[in-house]
Amino acid sequence: MRIGVLGTGGVAQTMATAWSKAGREVTLGSRDPGSKSLEVLVRPLADVVAGADVAVNATPGADSLDTLIAIGAPSFAGKVLTDVANANTPSFELVYPNSSLGEKLQDALPSAHVVKTMNTAAMTVLTDPASLGPSSVFLSGNDANAKATVAGLLADLGWAEDAIIDLGDITTARGVEHYFLLFAALMQAGGPNFNIRVVR
Ligand SMILES: NC(=O)c1ccc[n+]([C@@H]2O[C@H](COP(=O)([O-])OP(=O)(O)OC[C@H]3O[C@@H](n4cnc5c(N)ncnc54)[C@H](OP(=O)(O)O)[C@@H]3O)[C@@H](O)[C@H]2O)c1
């Protein structure tokens with residue numbers, strides 16, 4: 001399976017390294033690939049989507065919708081689009097207080113299978129869950145097969161099956177995106193090395 005991660009920031013590089021270690025083929029997508037000197041192959045955004053089975057949105061959430069629309073909705077046809085972005089302002093306000101980036105992306109790219117995940121903890125934690133005790137990670141999306149594919153990518157990173165909580169369709173992305181408000185407060189209170197765990 002070819003994974004195309006859109007963005008070349010800390011999150012994109014952390015994910016690329018982790019999935020490469022797990023044996024996946026990963027390419028990073030950049031607005032200016034020629035300016036990057038990274039260990040992972042960096043290509044233009046549209047080329048990365050075209051060559052990927054699974055695209056991962058790791059661009060700044062406030063810019064993601066415009067960025068992915070500019071790549072072109074037809075490019076995403078039939079592909080899994082894993083959205084890990086949080087759409088917030090520099091002052092940590094929600095960009096979509098009555099909706100979510102996940103829903104906006106699904107509306108704008110109707111033939112993509114958008115799966116919201118990996119936005120509820122620091123990426124260092126999400127790509128190495130064993131660094132903490134047992135905790136939870138979430139899936140939101142309309143397509144069961146796409147969520148199963150993403151669950152497999154989470155398993156690659158060490159997530160146990162019972163730690164992966166399928167919340168339902170893409171409208172449930174609103175919950176995990178609005179959690180950013182609590183995440184930011186917890187981070188300011190005690191640093192980024194934490195996660196939440198659902199106990200029943
Ligand atoms: N920090 C975490 O631990 C964490 C955890 C979960 C989720 N997230 C989410 O992951 C995403 C990426 O985080 P990050 O810290 O890696 O972000 P970042 O460093 O600010 O940006 C990511 C990359 O996106 C591209 N980019 C920057 N501005 C852009 C724009 N206006 N339009 C299109 N592309 C742009 C850049 O790559 P090029 O210059 O190569 O184009 C940049 O390196 C964010 O949405 C964040 O909320 C972060």
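**View 1. Strand E6 (residues 113-116) pairs with E7 in the antiparallel sense over 2 bridges.** Strands (E, at least two residues) and helices (H or I, at least four) are DSSP runs numbered from the N terminus, and two strands pair if DSSP finds at least two bridges between them. The bridge partner of Lys 116 in E7 is Ser 140. The model is predicted: local features need pLDDT of at least 70 and side-chain atom pairs count only at pLDDT 80 or more, while totals for chains, interfaces and linings use all residues. Residues are numbered from 1 along each chain as its sequence is written.

**View 2. E7 is joined to strand E8 (residues 164-168) by 4 bridges, and the two run parallel.** Here Ser 140 stands opposite Gly 168 in E8. From E7 the chain crosses through helix H6 (residues 144-156) to E8 in a right-handed β-α-β crossover; right-handed means that, with the strands pointing away from the viewer, the path from the first strand over the helix to the second runs clockwise.

**View 3. Strand E7 (residues 137-141) is mostly covered, with 5 of its 5 residues buried.** A residue is buried if 20 or more other C-beta atoms lie within 10 Å of its own, exposed if 12 or fewer, and partly exposed in between, with C-beta atoms placed from the backbone. In a regular strand the side chains alternate between the two faces of the sheet. Val 137, Leu 139 and Gly 141 point one way from E7, whereas Phe 138 and Ser 140 point the other way.

**View 4. An open sheet of 8 strands has the order E3-E2-E1-E4-E5-E6-E7-E8, with mixed pairing.** Its edge strands, E3 (42-44) and E8, each pair on one side only. Within the sheet, 4 bridges join the parallel strands E1 (residues 2-6) and E4 (residues 54-57), and Val 54 in E4 is the bridge partner of Ile 3.

**View 5. The largest nonpolar core has 51 residues.** Such a core is a set of buried Ala, Val, Leu, Ile, Met, Phe, Trp, Tyr and Cys residues joined through C-beta atoms within 7 Å. Among the residues with the most contacts inside this core are Val 5, Met 15 and Leu 81. Helix H1 (residues 10-21) gives the most to the core, with 6 residues. Leaving aside neighbours within four places in sequence, Val 5 is in contact (C-beta atoms, placed from the backbone, within 7 Å) with residues including Ala 12, Met 15, Val 26 and Val 56.

Conventions. Two residues are in contact if their C-beta atoms, placed from the backbone, lie within 7 Å.
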